[in-house]
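Thank you for letting me have a few minutes of the meeting.

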Amino acid sequence: MKSLDSMREREREEREMFSCMLFAVVLLLFFYRLIDHLLRIPSVGRYGDRFVLVTGCDTGFGHLLAKRLDALGCRVFAGCLTEEGAEQLRRSSNSHRLCPILMDVSRPDSVRHAFHCVTTELPIGKGLWGLVNNAGIDGDRLGPADWMTVDDYKHLNSVNLYGVIDVTMTFLPLVKMERGRVIVTSSILGRVTTIVGLPYCVSKHAVESFVDGLRVSLRLFGCKAILIEPGPYLTSLTRLDHMKLTLTKAWNEVGQDTRDEYGQEYFDYVIGRTLPMIRSLGGRKVGGVISAFEQALFSRRPRLRYLTGTVTTLVAVVASVLPESLADWVCEKLTTACCPLPQAAIRRRR
């Protein structure tokens, strides 16, 4: 009887110990998040004395960020690809602080011209507090890896990688003058690769490597390099008509052998069901992304990377802990759950 009582007592003590440990872990996590939040609050101040260049301001994150920085009182150089985008930005703000400039980041001559415009407008002895490399494209063809060509990779990298490098190297002396920040818009697809849109993933993986190296180099000069890694959001890049157009273009341009391998049913299913499903996963509230940019620019202790969105963070964490073989298996299962098997794959499994 005493033995039974002692066993029950031990079980009770073990349950209490487990409860205390769990409470301690929750409490530590709470204080960690609280301290992290307090450390990251934008507190640099003196917005009116700070000049920021943002690329890709025609639409999307860049457009919203330029207007947000203007509202904070910053002097903003908003790089736009088209005159239409620049004019729309001018109409949306009567502020003298917002200065749209034309810039095609894939063309070195355009980047040099933009540099001349910026240096002409900057007061003598002033540089850039922030350089936000936001311009990016997703390409004009969408599909599995064997639908893509080397030109697709070149096209994506001309903007998403080489454009970022060219703009950064051109404007870096101005950033060093202010001991400022270089911020680059990457993507969750810079960490996790999907089989559809592989050239985009490659460009984002490459730009993350560039920023990782740049960050260490800039520490010597008191500057910072920071990555913003958004998940899927409802922007111009994720419009359903745009995705359908790029998928159809790739399908029409692949060889007949490849079309026979996949089958018309595969294409019809993806364009009719898979793409709308992907579109439905896009986040509508982009405020979290703009807040991440603001924090990266004006926090005294910004993070090195900003993952925006709960799902994005979860995907990144899971991808970082899974063995590659298991991650590939999960990716395959998710792919087959969203898309039918190609006809050739079905025949080989019989």
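This is a predicted model: local features need pLDDT of at least 70, side-chain atom pairs count only at pLDDT 80 or more; totals for chains, interfaces and linings use all residues.

The lining of the second largest cavity has 5 nonpolar, 2 polar and 3 charged residues, where Ala, Val, Leu, Ile, Met, Phe, Trp, Tyr, Cys and Pro count as nonpolar, Asp, Glu, Lys and Arg as charged, and the others, Gly among them, as polar. Residues are numbered from 1 along each chain as its sequence is written, and side-chain values use heavy atoms, with hydrogens and water left out.

By a cavity I mean, on a 1 Å grid over the protein atoms alone, a set of points where a 1.4 Å probe fits but cannot get out, and a lining residue has an atom within 4 Å of a point. The volume is the space filled by probe spheres set on the points, with grid points joined across faces, edges and corners. For the second largest cavity that volume is about 40 Å³, and the residues that line it include Asp-138, Arg-141, Leu-142, Asp-152 and Tyr-200. Helix 5 and helix 7 are the elements that each give two or more residues to this lining; helices here (H or I, at least four residues) and strands (E, at least two) are DSSP runs, numbered from the N terminus.

Among the residues around the largest cavity are Leu-142, Trp-147, Tyr-266 and Cys-339, and helix 10 (residues 264-280) gives the largest share of its lining, 3 residues. By class, that lining has 9 nonpolar, 1 polar and no charged residues.

Let me return to Arg-141, which forms a salt bridge with Glu-253, the closest N and O atoms being 2.7 Å apart; a salt bridge is a side-chain nitrogen of Lys or Arg within 4 Å of a carboxyl oxygen of Asp or Glu. Because Arg-141 lies in the loop between strand 4 (130-133) and helix 5 (150-160), and Glu-253 in helix 8 (residues 240-253), the pair ties together parts that are 112 residues apart in sequence.

A search of the whole structure finds 15 salt bridges, and another of them joins Arg-305 to Glu-208, with the closest N and O atoms 2.6 Å apart. This pair links distant parts of the chain, since Arg-305 is in strand 7 (residues 305-308) and Glu-208 in helix 7, 97 residues apart. Glu-208 is buried, with a relative accessible area of 4%, while Arg-305 is partly exposed, with 26%. Salt bridges that share partners join Arg-191, Glu-208, Asp-212, Arg-215, Glu-229 and Arg-305 into one network.

Finally, the largest nonpolar core has 31 residues, of which Leu-53, Phe-77, Val-118, Leu-128 and Phe-171 touch the most other members; such a core is a set of buried Ala, Val, Leu, Ile, Met, Phe, Trp, Tyr and Cys residues joined through side-chain atoms within 4.5 Å. Helix 6 gives the largest share of this core, 6 residues.

Note on methods
Buried means under 20% relative accessible area, exposed over 50%, partly exposed in between (1.4 Å probe, protein chains only). On a 1 Å grid over the protein atoms alone, a cavity is a set of points where a 1.4 Å probe fits but cannot get out, and a pocket is an open set with protein on both sides within 12 Å along at least five of seven lines; lining residues have an atom within 4 Å of a point.
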